[in-house]
Amino acid sequence: MKKILLPLLILLSTLAPAVAQQDRAPFAANTFLSGNFGLSFYSRTGGESNSQMGFGGGVSYGKWILQPLALRVGVDAAMLTVNDESQTNLFASAELMWDIFSAFGTPNERRINVYPFVGLGVYSQMAGQSTSNIQTMLGLHVPFSLSNGWQVFAEYKSFILPHGDWVSYTHTISLGATYNFLYFPYSRRSEFATHGFSEDWFIGYAMGANVSLFNFKGWDSFDNYSLMPELMVGRNYTPRWTIRFELSGLFGRTQDQELYRFTAFHADVLFNVSNVLDFARGRRLGVMPYLGAGPVWRYDNPMFTMSADGGLFLRYYLTPQSDIFADLKYTLLPRYIAQSASETSRYGCGMASLTFGYIYNFGTSSTRYRMPVGR
């Protein structure tokens with residue numbers, strides 16, 4: 001668990017000063033602390049399970065880093081009875097929460113809102129022999145605003161847990177309360193943030209290659225390589241933050257080097273480190289590390305679960321409408337998607353890819369590039 005949590009903490013500590021500087025406000029502005037408690041349920045694929053309802057709850061801390069996007073870290077627990085055996089699952093997650101109404105309009109003081117979110121993290125299963133692994137999560141958060149920074153909410157989470165050739169799900173339905181520190185919704189929009197709905201959108205296409213890896217090994221085998229197309233749509237919300245949605249996949253290899261077809265759909269949050277200090281005129285190259293997560297499925301079984309990805313996106317300005325880019329990415333796949341029989345590959349079963357492509361920017365582009373004076 002430490003191997004996963006440490007990179008997440010380093011990422012948060014790296015981005016925090018940039019977020020605070022961009023918003024020109026204390027880092028505590030628009031942060032929040034939540035606690036919740038409710039019911040838990042267990043289900044699985046690939047076999048029968050005599051599961052029973054249990055209890056669950058958690059705590060989380062987060063910050064609105066953009067008008068429509070919050071970054072939240074949390075710890076959850078689910079106390080269940082599975083196959084007549086008491087079991088406690090502990091989850092640690094980094095989560096991205098999306099304010100749908102603010103994403104397509106201006107912030108306002110709605111009493112009731114709807115926030116879908118996605119998470120990535122680790123879990124520890126305390127039952128007989130303790131186990132741990134990567135987990136991904138989908139959820140829905142419905143807050144109701146009270147006064148003086150307080151909200152009450154209802155929340156649903158579904159933790160997706162891979163187990164070799166099958167997958168289990170831990171669901172929680174809970175009620176809770178949130179306290180918002182220094183809350184002011186209009187300060188979620190930074191000085192150079194996009195304003196109109198039609199501004200700063202882009203579409204892109206890329207082609208390259210991927211290599212299927214197990215325990216991070218397999219680079220030297222040509223049979224592990226396959227073609228890798230990518231199709232994306234996204235928006236540059238500020239000079240530092242970009243959100244994109246991407247379809248990728250086509251072919252992968254099992255541990256026995258058999259070819260299979262798959263598709264991954266993921267949402268990524270990109271941070272432009274080229275603009276950490278300022279948004280300079282005439283800067284053409286954007287260096288953008290990113291993290292993301294989303295569903296992945298195979299066509300032959302079929303199999304459907306969640307994957308996580310991270311990488312480095314290099315974007316170069318050509319014209320007011322055109323960019324070229326290179327995308328170096330690692331996608332973490334559950335072992336049963338890639339048919340890895342090795343228990344030790346639970347953290348290292350994935351796919352590395354390198355693609356090159358073209359981006360077309362439509363609408364007004366106000367956050368991506370600033371023309372030098374006199375041109």
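Start at Phe91. Setting aside neighbours within four places in sequence, its contacts (heavy atoms within 4.5 Å) are Gly74, Val75, Asp76, Ala78, Val122, Tyr123, Gln135, Phe159, Leu161 and Thr170. A word on provenance: this is a predicted model, where local features need pLDDT of at least 70, side-chain atom pairs count only at pLDDT 80 or more, and totals for chains, interfaces and linings use all residues. Numbering runs from 1 along each chain as its sequence is written, and side-chain values use heavy atoms, with hydrogens and water left out.

Now the cores. A nonpolar core is a set of buried Ala, Val, Leu, Ile, Met, Phe, Trp, Tyr and Cys residues joined through side-chain atoms within 4.5 Å; buried means under 20% relative accessible area, with a 1.4 Å probe and protein chains only. The largest core has 14 residues. Phe91 is among those with the most contacts inside it, as are Trp64, Ala70, Met97, Phe159 and Leu161. Two or more residues come from each of β1 (31-44), β3 (69-82), β4, β5 and β7 (150-163). Strands here are DSSP E runs of at least two residues, helices H or I runs of at least four, numbered from the N terminus. A second, separate core of 10 residues includes Phe214, Tyr260, Ala338 and Cys349.

Next, Asp99. Buried or exposed? Buried, at 2% relative accessible area. Asp99 sits in the loop between β4 and α2 (100-103). Its C-alpha is 9.1 Å from that of Phe117, 18 residues apart along the chain.

Terms used
Buried < 20%, exposed > 50% of the residue type's maximum accessible area, 1.4 Å probe, protein only.
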